[in-house]
Amino acid sequence: MEAGKPPTFDVITLELMWSRLISIAQEQARALVHASFTSAIGEMEDMASGLYDNHGNIIAQGVTGSQGVLIGLTRGIKNMLDKYPPERLEPGDVLISNDPWMFSGHKFDISIAIPVFFNGRFVGMTGTISHGADIGGIKSAGDSEEVYDEGLEIPILKYYKAGKPNEDIHEMIRSNVRMPHLVMGDLMAQVAACDVGARKLVAFMKEYGLTSIEELSKAVMGRTEAAIKKAIRDMPDGTWSQRVQMDGIDEPLSVKATMTVQGEDMEIDFTGTSPQTERGGINGTKTYTDAYVYHAVKTTLVPDVPNNEGLFHSVRITAPEGCLVNATFPAPVMSRYMLISFIASAVFGCLAQALPGRVIAECGVSQMQLLSGRTRTGERFVYWLMGVGGMGARPGLDGYHATAFPSNVGNVSVEIIENVSPVHVVSKRLVTDSGGAGKWRGGCDQEITITVDSQYPATINCFWERTTVDAAGYHGGKSGRRAVVKVNGRDVHPKRKSELKPGDKLIYSSCGGGGLFPPETRDPEAVLEDVLEGYVSLEAARRDYRVAIDLANKAVDFEETAALRKNRGSGG
Amino acid sequence: MVIVFPDPLVPRRLRKEVTERLDPQGNVLIPLDPADVELAVEELKGEGIEAIAVCLLHSFRNPKHERAVADIIRRRAPEISVSLSVDVIPQIREYERATTTIINAYTQPLLRDYIGRIEESLVQAGYTGKLYLMLSNGGIALRETAEHFPVRVLESGPAAGVIAAAFFGDLIDEGHLLSFDMGGTTAKAGIVRDGHPVTTIDFEVARMQRFKAGSGFPVKLPAIDLIEIGAGGGSIARIDSMGLLKVGPGSAGASPGPVCYGLGGTEPTVTDADLLLGHLNPDYFLGGDMALDVPGAQRVLEEKIAAPLGVDPVRGAWGIHQVVDENMANAARVHCIERGEDPSRLLLVAFGGAGPVHAYWVAEKLGIKRILYPIGAGAASALGFLTAPFSFDFVRTAIGRLDELDYGLINGLLEEMEEEGRSLLHQADVPDEDITIRRFAEMRYVGQAHEIYVPLPGEPLNATSGEQLRDAFDKAYEQLLHRTNVGYPVEALNWRLEAVAGRPPLRLQPVPQQPGQTLEDARRPSRLAYFPEYGEPVTCPVFDRYRLFEGADFKGPAIIEERESTVVMGPNSHAKVDAYLNLLVTRES
């Protein structure tokens, strides 16, 4: 590198430059959302966009998108630069990969990155990652025994070389996926979006007279790190552990986190977590686990700071090789999204002990199961049924109904479902008393009942969690109601295939959120409102919240409530 | 984790289900049970409700059940106003259709009262003409139409600003512009393309986090497409947890307002910074009606911004200016790019109390060369109302691939909408020959989540229209995203039609140069003002806007004061005054 004088900028200029970079990353993200072909990107925004310096450190990220996959992309960019160091890159190159261990944990997420050159010198990268429509392989996660079952692996390769498409790779991908025009279209959208970012980054450097963004990147990371270190210093020192149970595939599993805080150092270790599973693909790669640990720490301690190396330097994450949250190749990983809620719950559980009252209770999960069969005219169809649980109670706020956290899938319109598939939605309703009782109540779960409008039988590939373990409340708050999958009123195995004969009713719900603090401390007027709205039953108001309600007058019976709550106080 | 959504407008206990069901094609699966509806109406009457919104699944395919529900409500409770989703917004997606219909029902009694009061005072004032209301899409409509569809009036105020910008642009034959309205708490930017404000069907009301998409209720009706930014004269500057200078979205508003108002404000704001930079005149704020407290502003700025950052107060003040300009420029840039416009090719039209103070630097950041400052910066929106045309728009859903659609059916839908549009405009005494019909389809590649607006040809569609529409789609797509995916199938979802009358003629009074009048007559005392090019405050000429005249021109830096606002132009620019005292500033770079 030439020995240029490092650019000097004051703190105000730093803010101006940084917010411009964030804006560029956002432009890149919006370009992708608009040009994308699949609803995973377009409607659920299961994508991310970032700008990187010449060492692959992230310097700015788009506001739009998912933080989880962003961190996968960010780890992956460094892996790309390891394989293709700057001297092996030239203007017009485009890199591609979906390696679950190097990026975001499963093959559906494809990363695309473009090296950026300014005055002939490599100055950084722009990158996007998004969940593709298909990647080949088996359809149901329950059938996956190793990552080879899960479709096409794209190692880190040049998708374009010096501005020219690498046709062999294009053809290889096109012939390995089920919906090639959607997959290829999304990849094209990613390339176009990265290109927008790259052009804007160069224009930005020209405008500010920069020859490198390295110093700027250091300043950004330094400030992030300082803010996080300060937040950690403000916590008490100590060690806390939390074990969270899951249904598992064929037997129960658990995620255990141990958090140690000493001065400005935080370490989170997953020793004690179940070994990786042989079947079902719910294993997490380390990059994926890291993403949701950082997410939990960041949202609790420093919600306003960005995800960058400064954050990664401040929190050390370790996990034994071969465990559920640090699976080793070739473990099946395609449904690792199932782990999000449990990794987050384990870390939030530690944080809740260290910082009582500042942390969200456990949440219901976002779930998906695959319905397949034939339409009335005999055409094959597949349709993903989504379930969204209730959000855990938050400090000072109730959890939202049918809103999962941290990962959330949207509620899909019934009219859209019925227009694009033979699914007939019989009912869709919030489940009374499914939200964990507490001073702050967990969100209620949503129950959906469907039939398939066809004379042919259909198959439901169940892949449902939290059917045996509920989302816990904290500090005396109760847990939410467990998830349910039934056919014609009978429980079916939540991780296996079941048949749906014409007219059979499939009912599914995904678990209510946990509550915070004892329910008998909830404002009786809030309990009355919950009863009137149908979120809490009259019986539960009395039993859990110790509130007597005069339904005829729509009023709290304060005298009786006082008596109920007093008895509770003396009776324990 | 602390995202907050608005409480539902209709509590769950006031939402009633009735027995009925249509299939996705609109066929009746379960007939409507009138007894169920009657029971629901009785229960709602008992709750003392004033308005009912009706939204049934797939009703946009077949309005029969919704209409039957309306009949029963009118029979049982004629005093209750009813909004049907098939009338308000007959298009797919039940949640968005329901919220739009609910907001219509919710605002109906309010708007009716409001219009009643206006009418009363107009009659008292001796007005005998008709009463018209501005709509969010930038058109105007008869009061009766507005009363039926109050949800269409929601965003009319900000829309008027963009209409005004289009009007002023037209005066200098410029149809491609960016309207920039910066007030006390927010700034709004909107694009005008070929003289027409760009509209959107993705807008939200009652956002809890005002600048966060998704935190409000979606309203799926055309509205002028504005980006609202938490940046205004009252925006508060602060140092964040990373030691960086941030401005907004928190605002001191008008009360207590900026520190310099002397009304109890304690946080440094954009206006305080503008004052310290010499850009505002402490003795001529609101024409001199409000004296500004310079030492107070200086003290707070020093203590809360300059000292923590380790810079002098002028650098701190300029920092606030730069950060707020950057925020606005970034938001406006993303807004433009998402709509396929390169901001640097647009004319910036600046108004609102703080718009003319900041526009020069927003233009600089966007690479915009020319800025138009209309006279009467504070009253531009009101002028917009006077220049808006009659217009109404309609939508129908008919989903299908372009190569498989039944164009006979689509023609039927378009004709139906056109007939409705013409009849509404006839009611407002617009003759047929003054009506322009514009037709659009929302199309996308099959499987894509976002639709784009594609203009349709004027003549009826036929079996060969598929290819023609495909070409139009490719063209629109390319403008937006600079590429196409030829070969992928395209589908249409919604069909839209606008019926628009001509723009009402409005003439401004020219202000010609008086004999012997010179620029010197418009001079006010010069003052020290900061421009970064000089590194320190310099003596800057100041002009009285009202004493300028047609043809006057001068170079920057200069400050031009009018009652409601102040134009600040930097060095390397020159200004030219037109016959109406509008100021066109060109930046040279």
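Reader: What should I know before I start?

Author: The model is predicted, so local features need pLDDT of at least 70 and side-chain atom pairs count only at pLDDT 80 or more, while totals for chains, interfaces and linings use all residues. Residues are numbered from 1 along each chain as its sequence is written, chains are lettered from A and ligands numbered from 1 in the order in which they are written, and side-chain values use heavy atoms, with hydrogens and water left out.

Reader: How much area is buried between chain B and chain A?

Author: The size of an interface is often given as the accessible area lost when the parts come together. Buried area is that loss (1.4 Å probe), summed over both parts. Here it is about 5,000 Å², with carbon and sulfur atoms giving 55%. Contact means heavy atoms within 4.5 Å, and it takes in 54 residues from chain B and 60 residues from chain A.

Reader: How many salt bridges cross the interface of chain B and chain A?

Author: The rule asks for a side-chain nitrogen of Lys or Arg within 4 Å of a carboxyl oxygen of Asp or Glu. It finds 9 salt bridges across this interface. One to look up joins A:E415 and B:R97, at 2.6 Å from N to O.

Reader: Which elements give two or more residues to the side of chain B that touches chain A?

Author: Helices (H or I, at least four residues) and strands (E, at least two) are DSSP runs, numbered from the N terminus. On chain B, the elements are α4 (94-124), β16 (245-251), α9 (313-338) and α13 (465-481). The largest share, 10 residues, comes from α9(B).

Reader: Is there a residue in α9 of chain B to look at, and is B:H335 buried or exposed?

Author: B:H335 lies in that helix. Buried means under 20% relative accessible area, exposed over 50%, partly exposed in between (1.4 Å probe, protein chains only). B:H335 is buried, at 4%. Its contacts beyond four places in sequence include B:A189, B:D225 and B:I227.

Reader: How far apart are the end C-alpha atoms of helix α1 of chain A?

Author: The expected span is 1.5 Å times one less than the number of residues. For the 25 residues of α1(A), residues 11-35, that should be 36 Å, and the ends are 36 Å apart, which agrees. As for cover, 24 of its 25 residues are buried.

Reader: Where is A:L70 found?

Author: A:L70 sits in helix α3 (residues 67-83) of chain A. A:L70 is buried, with a relative accessible area of 2%. A:L70 and A:A48 are 22 residues apart in sequence, yet 5.1 Å apart in space, C-alpha to C-alpha.

Technical notes
Buried area is the accessible area (1.4 Å probe) that two parts lose on being put together, summed over both.
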